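Please work through the following exercises with the sequence and the model side by side, trying each task before reading its solution.

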Amino acid sequence: AAGTARLLLRPEQLRYDPASALQLEIVERRFCGAHYRCQLQLADGQQITGLAPGETNVVVGERLPVDIDLRKAVVLESRA
């Protein structure tokens, strides 16, 4: 496919991975017991939701290394 598309991900598809080169800024966090639900900011300013284990040091304003599981991602073609 050519052109722009939208990628839809569930929060559990974007997970903390200390070995990842992809690091996104944490703009908000919510402790949910076993994990943190984090709002993460992309380079273009968009925000996405991801998960980090509850024992992870999650600090707003810092960067979180994440891995994206694309196996169940949904791709929507852009309409012109």
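**Exercise 1.** How many residues lie between S4 and S5 in their hairpin, and which glycine in the turn has a positive phi?

Solution. The model is a predicted one, and the first step is to find strand S4 at residues 35-41 and strand S5 at residues 47-53. These two strands form a hairpin with five residues between them, and the glycine in question is Gly 45, whose phi is about 95°. The next step is to follow the pairing itself, in which S4 and S5 run antiparallel and are joined by seven bridges, with Cys 38 standing opposite Gly 50 in S5.

**Exercise 2.** Describe how S4 pairs with S3.

Solution. Strand S3 covers residues 23-31 and pairs with S4 in the antiparallel sense over six bridges, and within this pairing Arg 30 stands opposite Arg 37. S3 and S4 also form a hairpin, here with three residues between them, and Gly 33 in that turn has a positive phi of about 85°.

**Exercise 3.** Which residues does Gln 39 contact, leaving aside its neighbours within four places in sequence?

Solution. Gln 39 belongs to S4, and its contacts are Glu 25, Ile 26, Val 27, Glu 28, Gln 47, Ile 48 and Thr 49. With Gln 47 there is also a polar contact of 3.4 Å between the two side chains.

**Exercise 4.** Is Ile 68 buried, partly exposed or exposed?

Solution. Ile 68, which is found in strand S6 (residues 63-68), counts as partly exposed because its relative accessibility is 30%. Together with Leu 7, Leu 22, Leu 70 and Val 75, Ile 68 makes a nonpolar surface patch of about 420 Å².

Definitions and conventions: Residues numbered from 1 in each chain as written. Predicted model: local features only at pLDDT ≥ 70, side-chain atom pairs only at ≥ 80, totals over all residues. Heavy atoms only, no water. Helix = DSSP H or I, 4+ residues; strand = E, 2+ residues; numbered from the N terminus. Polar contact = N/O pair within 3.5 Å; in protein donor to acceptor, adjacent residues only side chain to side chain. Contact = heavy atoms within 4.5 Å. Patch = residues over 30% accessible without salt bridge, like charges linked within 9 Å, V, L, I, M, F, W, Y side chains within 5 Å. Areas by Shrake-Rupley, 256 points an atom, 1.4 Å probe, with all protein chains shown as cover. Salt bridge = Lys/Arg side-chain N within 4 Å of Asp/Glu carboxyl O. Buried < 20%, exposed > 50% of the residue type's maximum accessible area, 1.4 Å probe, protein only. Pairing = 2+ DSSP bridges.
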